[in-house]
Amino acid sequence: MHIMEGYLPAAHCAGWFAVSAPFVIAGAIRIRKIVAERPQARMTLAASGAFTFVLSALKMPSVTGSCSHPTGTGLGAVVFGPSVMAVLGVIVLLFQALLLAHGGLTTLGANTFSMAIVGPWVSYGLWRLGGKAGLPAAVSVFLAASLGDLATYMTTSVQLALAYPDPVSGYVGAALKFCGVFAITQIPLAIAEGLLTVVVIDALAGKTSGADKVGFLAGETR
Amino acid sequence: MAAHRSFWLLGAVVLIVVIPLMMGGEFSGTDDQASQVIEKSQPGYQPWFTPLWRPPSSEIESLLFALQAALGAGVIGYVIGRRHGQTKDQDADRSPSDTRRTVK
C-alpha cells in the first residue's frame, strides 16, 4: 500500500497531507489523554505500535505469485479506537520512508490516510458492529483486522486512480486496474493478519477471558 | 483455552504463507508493481521526487527490514512477559490471605 516517493502529483500530495493532518493531531491528543488517565494502558499502547512495526516489515508471498505486507493497524484500533493508530502509523511510515526508501515523504500524507486512518476506522467500525451483532469477541477481532487491512489497500488503489485516471475507462477503470494489482494478493495476507491479531490479543490479555480482554488491554478493567 | 486456539491459528498462518511458495511465482512486491502500472500507462514517467537516502544494497535493505521486525517483536515479547509476571505476582499475593481466610 506504499505509494512510492514521487509517484503522486504535488497537488495530490498536498491534498492528502491536509486530509490526514487533523486525524494525526487528534490521535496525539488522544494518546496523551490515555496515558494520563490510564497508565496501565501504556504497555498495550506500546505493543499496538510494535505490532504494526512488525507486520508492515513482513513482506509475505501470496497466491498470485506476488508479495505484499499486512498493516497491523487493527489491534490498536480495536483496543483504543482508530485515532491512536493515526499517530502510530505515521511513525512506521516515516521509519520506512527515511531508512528503507519504501513509501516516501511526498506520499506520506496519502499513505497515512490509507494505512493509519481508513484501515483503523474500518477496523474499529467492524469491531463495534460485531459487538452489537453479538459475535464472539475473537470473530469480531478477526473481521476487524482483516477487513481493515483490505480497506487500506482499496484506498491506495483509489488514491492512485485519482492521480492516474485511465484514458479510456476513466477513474473507475483505473481504480479497478490498481485493485487488480493489490486486492487479490492481499486477501490471504488479510486473513493471516486477522488470525495473528487474535493470537496477539490472547497473548497480551493472558488469563483474562472472553470479551473482557479488550477492555483489560485498554486499561478500563483490571 | 486461548493457548490451544493460538496453536491452530498460528498453524493456519503458516499454511497461508507456505502454500503460495509451493505454488510458485516471481514474488515481486505489489508496491513496485503499482509503480510499473503507472509507468506503463504514462510512458516516460519520471517520479518528481526521489528518496533522500536509499539502502545501498538489498542486503542492507533486508538488514533494516529485519531490524524493524525485531524491534517490534522485542517490544511485544516484553509486554507479554511483563503481563504474565504481573498476574503471577497477583496470584502469589492473593493465595496466603485466601488460605488465612479459610483457616478462620
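**Close-up views of a predicted two-chain model**

**View 1. The largest nonpolar core of the predicted model.** This core holds 79 residues. Within it, A:Leu8, A:Phe80, A:Leu160 and A:Phe178 make the most contacts. Helix α7 of chain A, residues 170-205, supplies the largest share, 15 residues.

**View 2. Surroundings of A:Phe80, one of the core residues with the most contacts.** Residues up to four places away in sequence are left out here.

**View 3. The interface of chain B and chain A.** Here 56 residues of chain B contact 66 residues of chain A. The buried area is about 5200 Å². Carbon and sulfur atoms give 71% of that area. On the chain B side, B:Asp31, B:Gln68 and B:Arg83 lose the most area to chain A. Together they account for 14% of what that side buries.

**View 4. A salt bridge between B:Arg5 and A:Asp202.** The closest N and O atoms of B:Arg5 and A:Asp202 lie 2.8 Å apart.

**View 5. The side of chain B that touches chain A.** In chain B, α1 (2-23), β1 (28-29), α2 (30-41) and α3 (58-103) each supply at least two residues. The largest share, 17 residues, comes from α3(B). By type, this side divides into 32 nonpolar, 14 polar and 10 charged residues.

Notes: Residues are numbered from 1 along each chain as its sequence is written. Chains are lettered from A and ligands numbered from 1 in the order in which they are written. This is a predicted model: local features need pLDDT of at least 70, side-chain atom pairs count only at pLDDT 80 or more; totals for chains, interfaces and linings use all residues. Side-chain values use heavy atoms; hydrogens and water are left out. A nonpolar core is a set of buried Ala, Val, Leu, Ile, Met, Phe, Trp, Tyr and Cys residues joined through side-chain atoms within 4.5 Å. Buried means under 20% relative accessible area, exposed over 50%, partly exposed in between (1.4 Å probe, protein chains only). Helices (H or I, at least four residues) and strands (E, at least two) are DSSP runs, numbered from the N terminus. Contact means heavy atoms within 4.5 Å. Buried area is the accessible area (1.4 Å probe) that two parts lose on being put together, summed over both. A salt bridge is a side-chain nitrogen of Lys or Arg within 4 Å of a carboxyl oxygen of Asp or Glu. Ala, Val, Leu, Ile, Met, Phe, Trp, Tyr, Cys and Pro count as nonpolar, Asp, Glu, Lys and Arg as charged, and the others, Gly among them, as polar.
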